[in-house]
Amino acid sequence: MTYDDRDRGKKKEKAPLFEELLAYRQRADRTFHVPGHKNGKAYVGLDGAGPLAEVMTVDVTEISGTDDLHHPEGVIKEAQALAANCFGADESYFLVGGSTAGNLAMILTVCRKPGDVLLLQRNVHKSVLNGLMLAGARAVFLDPDIDAESGLPVAPSCHALAAALAVYPEARGVLVTMPNYYGMGINLKGIADLCHARNIPLLVDEAHGAHYGLHPDLPENALSCGADAVVQSTHKMLAAMTMGAMLHVQGELLDRNLLRQRLAMVQSSSPSYPVMASLDLARRLVHAQGPSAFTAGLAAVGAFKRGLAQLPRFGLLQPPQPWGPAAGTGTAGGQVPPPQDTAAVYTRQDPFKAVIYDRTGSLSGYGLQHALEARGCVPEMSDERHVVLLFTLGSTEEDANHLLWALRHIVEEEEETELLGVLNPPLTETKHNVSTWNNSGSVPPFSEPVSFSLTPAEPGDMESVAVEKCSGRIAAEMVIPYPPGIPILYPGELITNMTAERLTALGNAGAKCQGTADRTLRNILVFKNPRKQVTK
């Protein structure tokens with residue numbers, strides 16, 4: 001099966017890979033190939049295995065007709081071409097390892113040799129730091145601007161990026177995360193212009209923005225702002241299975257042959273066909289239906305926000321100014337723009353991310369999350385102040401009404417206990433009462449180059465110290481609160497007083513952190529001898 005670009009408009013209602021898997025199941029051939037479950041037959045008669053066995057009827061491998069993700073010539077090639085047409089890319093690639101695989105591949109493509117410099121946002125996902133390690137790259141970290149009202153980090157300013165580019169003209173590219181986990185963001189055009197004036201690519205981790213640009217009420221996507229390579233978690237905000245993601249590319253600043261090689265390196269040689277088929281279906285859903293695919297979901301979140309307005313106790317996070325290009329993002333020939341003012345830090349809000357908080361401060365974000373969960377509503381996440389409620393194209397007004405009912409009952413029950421003179425029981429659970437999502441501090445706009453390597457530190461060069469005494473030392477291990485997987489520290493980073501205090505709070509709260517030798521986070525590995533300190 002081949003694909004002709006001229007037929008894209010006619011074929012958007014097709015799901016070629018999914019349709020091939022349905023045909024495979026209907027043929028019911030005798031399988032003398034992997035996988036070993038033999039179309040789920042291995043589980044026949046096993047109690048409770050029915051739903052899983054059903055999925056396995058389309059869990060195949062690279063046989064005649066099903067194509068090959070790493071050398072697509074048939075239905076996968078066609079499905080990826082349809083995805084490129086849907087999302088506005090020159091080329092799109094299916095990812096079966098989540099956005100992690102895309103981030104790794106982007107960095108390994110741009111940073112070709114050890115020592116290459118990449119400019120990037122400091123509060124990136126751990127996969128980005130792992131990509132730096134694999135590439136042996138040097139990172140210049142850009143501090144994200146902080147929204148004054150919420151205290152949440154958004155993105156580096158164009159002013160900070162332009163200043164860093166002036167100091168490090170050898171940079172191979174720029175990587176930013178947009179939107180953040182709260183749905184906050186900016187117009188990326190100014191950042192893209194700065195990159196292109198230097199003839200370097202803009203890489204965007206758009207994991208939470210796969211739906212952007214597909215409806216007039218949604219923010220524009222990174223590709224439309226000029227990004228050269230964009231990773232999206234199609235499973236997060238669209239309808240693919242978990243681990244299903246896409247990498248979209250446009251322009252000539254990335255070596256696509258090298259990119260394909262890197263993707264083959266970081267992804268399994270036996271990719272999941274159900275996951276890939278779900279990417280095909282998720283694309284078909286929004287491609288065929290167009291903006292109407294989001295009608296029900298937007299109606300649901302709209303109903304929730306209207307109802308929330310009748311509950312004055314709860315506030316809703318919103319940009320401090322109307323949508324529009326951020327102040328100071330206009331650039332010409334790569335010239336340094338004026339510094340962003342506070343109002344320009346945060347100009348885009350994903351309408352599907354309803355971020356609420358208790359205006360009275362009686363309930364922290366954690367307390368509000370626990371109260372909602374007790375009433376059958378499970379939020380995406382929370383921090384000391386906020387609760388993030390994630391709606392999608394699959395949300396319903398019934399969902400919104402149940403959420404409003406839960407919030408009304410929280411208010412009513414608290415008012416009743418106050419009238420009775422009964423003290424409210426604490427709505428906090430110690431192990432959850434520290435934010436793992438908002439770990440950005442106030443530091444200079446960009447760092448000196450930080451070298452990353454796969455070479456492990458020698459045990460004799462490290463020592464374990466109490467977290468309370470680690471300030472001023474150099475970290476010898478990664479500290480990654482999870483979720484969301486944004487490292488607080490990486491090996492070689494100077495531990496500031498603010499970071500030490502944050503680590504202490506995380507340890508006291510029993511937060512789950514990946515990468516640490518001491519899982520309780522009472523102690524941390526640092527280097528014994530003074531090393532060149534990072535300007536942070």
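This passage describes the fold of a predicted model, from the whole chain down to single side chains.

The model is a prediction, in which local features need pLDDT of at least 70, side-chain atom pairs count only at pLDDT 80 or more, and totals for chains, interfaces and linings use all residues. Residues are numbered from 1 along each chain as its sequence is written, and side-chain values use heavy atoms, with hydrogens and water left out.

The chain holds 15 helices and 18 strands; these are DSSP runs numbered from the N terminus, with H or I over at least four residues for helices and E over at least two for strands. Of its 536 residues, 55% are buried, where buried means under 20% relative accessible area, exposed over 50% and partly exposed in between (1.4 Å probe, protein chains only). The accessible surface comes to about 22800 Å², and carbon and sulfur atoms contribute 53% of that area; such areas come from the Shrake-Rupley method with a 1.4 Å probe, and for residues only the protein chains shown count as cover. Among contacts with a separation of 6 or more, 75% link residues 24 or more positions apart, a contact being heavy atoms within 4.5 Å.

Eight strands make an open sheet with mixed pairing, in the order β1-β8-β7-β6-β4-β2-β3-β14; two strands pair if DSSP finds at least two bridges between them. β1 (91-95) and β14 (450-451) are the edge strands, each with a single partner, so one side of each is left without a neighbour in the sheet. Within this sheet, four bridges join β7 (residues 229-232) to β8 (residues 245-249) in the antiparallel sense, and Q232 has M246 of β8 as its bridge partner. Helix α5 (residues 98-110) lies across β1, β2, β4, β6, β7 and β8, at about 160° to β7, while helix α10 (residues 256-266) lies across β1 and β8, at about 5° to β1. These angles run from 0 to 180 degrees between N-to-C directions, with axes fitted as lines to C-alpha atoms, for helices over the stretch in contact.

A further open sheet has four strands in the order β9-β11-β13-β12, with antiparallel pairing. Here β9 (314-316) and β12 (381-382) stand at the edges with a single partner strand each, so one side of each lacks a neighbour in the sheet. Helix α13 (residues 365-373) packs on this sheet and touches β9, β11, β12 and β13, its direction making about 45° with that of β13. Five bridges connect the antiparallel strands β11 (residues 353-358) and β13 (residues 386-390), with I356 opposite V387 in β13.

Helix α11 (residues 273-289) deserves a look of its own. Its 17 residues reach 24 Å from first C-alpha to last, close to the 24 Å expected at 1.5 Å a residue; the expected span is 1.5 Å times one less than the number of residues. Twelve of the 17 residues are buried, including Y273, M276, D280, R283 and H287, and the buried residues pack against α2, α3, α4, β1, α9 and β8. At the N-terminal end, S272 caps the helix, with a side-chain oxygen 3.2 Å from the backbone nitrogen of V275. G290 follows α11 and has a positive phi, near 65°.

Finally, R348 lies in strand β10 (residues 348-349) and counts as buried because its relative accessibility is 6%. The R348 side chain makes a polar contact of 3.1 Å with the side chain of E220. A polar contact is a pair of N or O atoms within 3.5 Å; within protein, one must be able to donate a hydrogen and the other to accept it, and residues adjacent in sequence count only if both atoms are side-chain atoms.
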